[in-house]
Amino acid sequence: MNELARMDVKYLKGVGPARADLLAKQLDIHSYYDLLYYFPFRYIDRRTIYHIADMEGDMPYIQLKGRFVTFTPHGEGARRRLNGLFSDGTGTIEIVWFNHTRQIIESIHTGVDYIIFGRPSLFNGHYSIAHPEIEVFKPDAPRQGLRGIYNVTEVLRNRSFTSRTIQRLEETLLASLKTVTDILPPEIIVKNHFISLDEALRSIHCPADVQILQKAQLRLKFDELFYLQLNILKYTKARSKRLNGFLFAHVGTHFNDFFYHVLPFPLTGAQKRVIKEIRGDMGSGRQMNRLLQGDVGSGKTMVALMSMLIAIDNGYQACIMAPTEILATQHYENISVEAAKVGVAVALLTGSTSKKKREIIHAGLVDGSIGILIGTHAVIEDNVQFRNLGLVVIDEQHRFGVAQRAKLWQKNVNPPHVLVMTATPIPRTLAMTVYGDLDVSVIDELPPGRKPVQTLLRYDNHRERVYRFIGSQLALGRQIYIVYPLIEENEKLDLKNLTDGYDLVCQTFPSYTVTMVHGKMKPAEKDAHMQLFVSGKAQIMVATTVIEVGVNVPNASVMIIENAERFGLSQLHQLRGRVGRGADQSYCILMSSPKITKDTRHRLEVMTETNDGFIIAEEDLKLRGPGDMEGTQQSGIAFSLHIANIATDGQILQLARDTAAEIIDSDPDLSLPSHRILSEHLKFLFKRQVNWSLIS
Ligand code: ADP
Ligand code: MG
């Protein structure tokens, strides 16, 4: 592989400097290796020949067999084009060329059978194909089964650099290569009945049939996922050996007092289990890196607080970091009251903490009089120093960048224990890949007495009925959220939508108080309006997504989401989590334009069908692909997957994970001679990449 990566693609026959430049700029292909690993994104069956008479609707790439009947040149100079009429006996279709027209007339003849291959486009009820591939039909030539279609950019296409061009380059490259050296040890290949890498690479570009193509895909997907897992696990193992954590040997008076005398409700079974898991980690002498997943409202805050009390019992400080000021403030309000009852001092540090207060807090952290610090990213600023920071809790993890998390490690001699909490459930497959070195705990149980939120999809023309429903809920004394989307490209329009909505709601419900909250407000103003709603003085809150995280108003029973079609699934789920926090039946109404695509309708229907955050996250992953999932961008996961897809290749991922784990368990440094192949290829794959698994 090293050799292939060192061979500049410009030396391949048929490439040369100009094309090499195009390949590099357009497709990021620089070397033989890059070209070899540039795979088709789909295949067409070369044995199927279409009939023109059967063509209907939007057509994929097809093959036709027939003869050219006439050629008609049009236009002059740059606007010159050539039309050919092609007939296969069942009908005729127009073929168009925009350049090289003279060569075409000279090389293609009427009265000869051709196979043409291309994608028909429909215009004014007539099909035509521009720049098809053309071959003379040879009745006895064996027809290759499948042909790969490669992605090419518009720029490439304009220079007659097509999928077929790439195919030819791949063929040239494969013909020039001796057997490609395998990158898996024979045991793994034999055990899983894989084909060799050489065969897989040849078959992925030029598959003889569907069976061999599937074997090639399996093999290459496995390779990708396996090396990804091997990298993660190798690092995790190394770190768990190296990084000693603070030993929280016992549970003391703070925790016990709290548990027996302060705790306002019995913990759910899931909360108890998770606290036990965390205790186990922190008492192990190793540094904890745990991801706590729990749906909105599942009671993660209490788990965080009790974990922090264990830190304090052992002479350490703890800190909790939230993504927004509102959320940090709400944590502070809840936690400081509870913690005070067991004599623990809590401080709040955010961007808007005054300089004077800030100095007092800094001093309290250094002398240890503050036990728990709560804040936004302000807590990771360089001048914030602790006397003895032992545990860091990160709430709503996906909003923190990797670099920010890494900064926390520098707050004490040894890295503190880290508990990452998220209400956006991460599908197992993705968690395995992105957070492969985190241990995962799940709160899969809501506190008792909660009724699942009923979710309905309503189109804009039913607004009156929706408003009547709001009226009936208001009459019962409930509160209502109405949320508008934010499209950042046009803030003015957003604000107008919001204020129009606000005006309409005020007119419709004149006897109730309506507040409005949006991101353009000053923090103090925003808080004041929010407070009106929290205290119950206002019954309706019209807002943008600023309320997505944080606000906890148990009396609010209806969440109306306007233009729901503009939101992603995870975001809708988060918003819905704002209601259903009290004992009353709650409702979430998704308002949408009736003009939506099938995909969008499907997305909204997922919401109406389930309240399960994990199912929603899986769907989200399928619909959007891993590249768009929150958390994947910063983790760099998108970097290396050419062929595997974490959304759909879960089984292969599991196999890759298990195989990698077995190897790392028996040989953590990959130092056995039989594993040299692995350590070398790992080095090859990851030397150019930032090692994102270093930071969890
Ligand atoms: P999230 O997991 O979304 O952060 P919170 O920690 O904000 O959820 O908890 C949601 C609500 O449930 C809070 O009002 C909290 O006091 C309450 N709660 C948490 N645990 C329990 C429990 N075991 N029994 C009853 N209520 C609970
Ligand atoms: Mg929370």
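Let's start with one residue: Cys588 is buried, at a relative accessible area of 0%. Buried means under 20% relative accessible area, exposed means over 50%, and partly exposed is in between, using a 1.4 Å probe and protein chains only. Cys206, by contrast, is partly exposed, at 26%.

A word on the source. This is a predicted model, where local features need pLDDT of at least 70, side-chain atom pairs count only at pLDDT 80 or more, and totals for chains, interfaces and linings use all residues. Residues are numbered from 1 along each chain as its sequence is written, chains are lettered from A and ligands numbered from 1 in the order in which they are written, and side-chain values use heavy atoms, leaving out hydrogens and water.

Next, strand S5, residues 114-118. Helices (H or I, at least four residues) and strands (E, at least two) are DSSP runs, numbered from the N terminus. Five of the five residues in S5 are buried, so the rest of the structure largely encloses this strand. Which way do they point? Tyr114, Ile116 and Gly118 go one way, Ile115 and Phe117 the other. In general, side chains in a regular strand alternate between the two faces of the sheet.

Now the partners of S5. Strands pair if DSSP finds at least two bridges between them. Strand S2, residues 62-74, pairs with S5 in the antiparallel sense over five bridges. Here Gly66 stands opposite Tyr114. Strand S8, residues 133-136, also runs antiparallel to S5, joined by four bridges. There, Phe117 faces Glu133.

Stay with Glu133. It forms a salt bridge with Arg147, the closest N and O atoms being 2.3 Å apart. A salt bridge is a side-chain nitrogen of Lys or Arg within 4 Å of a carboxyl oxygen of Asp or Glu. Glu133 lies in S8 and Arg147 in strand S9, so this pair ties together parts 14 residues apart in sequence. Glu133 also bridges to Arg164, at 3.8 Å between the closest N and O atoms. That links S8 to helix H6, 31 residues apart. Are these arginines buried or exposed? Arg147 is buried, at 5%. Arg164 is buried too, at 13%.

Last, a pair in helix H2. Lys25 and Asp21 form a salt bridge, with the closest N and O atoms 3.0 Å apart. They are four residues apart, so about one helical turn separates them. Lys25 is exposed, at 63%. Asp21 is partly exposed, at 41%.
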